[in-house]
Amino acid sequence: MSSSCCGTKKQKLNGNYSTGANGYCSSSTNKAGAQRNNGIADGAATQNNHSYHGRGSAGSNNGGGGGGGGGQQSSSSSSSSSSSSSSAGGYNGGYLMNGHGNHLSQQQQSMIGSMSDMCFYCFEVLYRELHNLEEPRTPCFTNDPYPLFVTWKIGKDKRLRGCIGTFSAMRLHSGLREYAITSALRDSRFSPITRDEIQRLTVSVSILQGFEEARGYLDWTLGIHGIRIEFYNERGSKRTATYLPQVATEQGWDQTQTIDSLLRKGGYRAQITPETRRSIKLTRYTSQECQMSYNEYRDLLEKQSHYHGQLCKMQC
């Protein structure tokens, strides 16, 4: 099952949603592999294993994205993410942690240490796609499978420009390559990103972990857990919706307000009652997130070019 998640700027419950905030990280290495999954977007509804972030639509019984108030539906996959600090999250080595960062496995630490390389790789993939260049070489960061999301934002106010991801564990090399392009060019809520826009972009990579079935709709912690809900709408159709860990705290919502917003984003139109909330199946999760601006990407690219130039001179 695939899904999406996203951070938003502080807005009213019935408003549209856009991502915000900035972050940066460091690097690491591992093996290779490939696998493909369907993707969807946060703050949107799911249909045929797809859903859309932010300005959402109604959902269906396949997939796992949230639904938004008053948006579009489409068959393409999309998701959204952002890395913005909250009262319960914190920074460790430059990346944002939503969850229990002091209890990370060696595999998780390797993955987290690679996240700036993942952001760099997403820019490389998109830049080469837009300029009709060959694909970038295979990245050196870990290729372990994780649920992942790629979000593109534009301008100083970090307006959402496209976002797609999956709740299914996917090999990072193929997953980031796929969703970097899909979120930029095939998010049906937006026109495809153009060459002229790339210099104003910020990319965000989110890696989801620690999925647990909750004992009830309140069995999760604000600022720590992202939540994915499954429910039946007033017509008896199964729907799903999700929010990243930081969304509720950014909006200033309590748990009940978050659940009600997520129900609306998933396409629930009837009156929300205590019985409605109790009927929800809720899964909680944590995420690791990193962002990189185009200027940061170019700085790293120039440093790499300078390094390889010096290395070539030494070898010659």
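Of the 316 residues of the protein, 59% are buried (under 20% relative accessible area with a 1.4 Å probe, protein chains only). The model is predicted: local features need pLDDT of at least 70, side-chain atom pairs count only at pLDDT 80 or more, and totals for chains, interfaces and linings use all residues. Residues are numbered from 1 along each chain as its sequence is written, and side-chain values use heavy atoms, with hydrogens and water left out.

Seven helices and ten strands make up the secondary structure; these are DSSP runs, helices (H or I) of at least four residues and strands (E) of at least two, numbered from the N terminus. Contacts (heavy atoms within 4.5 Å) between residues at least 6 apart in sequence join, in 75% of cases, residues at least 24 apart.

Helix 2 and helix 3 pack against each other at an angle of about 55°, with their axes 9 Å apart.

| Helix | Residues | Among its contact residues |
|---|---|---|
| Helix 2 | residues 115-130 | Met118, Tyr121, Glu129 |
| Helix 3 | residues 172-185 | Leu172, His173, Arg177 |

Helix 5 (residues 255-265) is largely enclosed by the rest of the structure, because eight of its eleven residues are buried. Among these are Gln255, Asp260 and Lys265. The buried residues of helix 5 pack against strands 8, 9 and 10 and against helices 4 and 6.

Terms used. Buried < 20%, exposed > 50% of the residue type's maximum accessible area, 1.4 Å probe, protein only. Axes fitted to C-alpha atoms, helices over the stretch in contact; angles between N-to-C directions.
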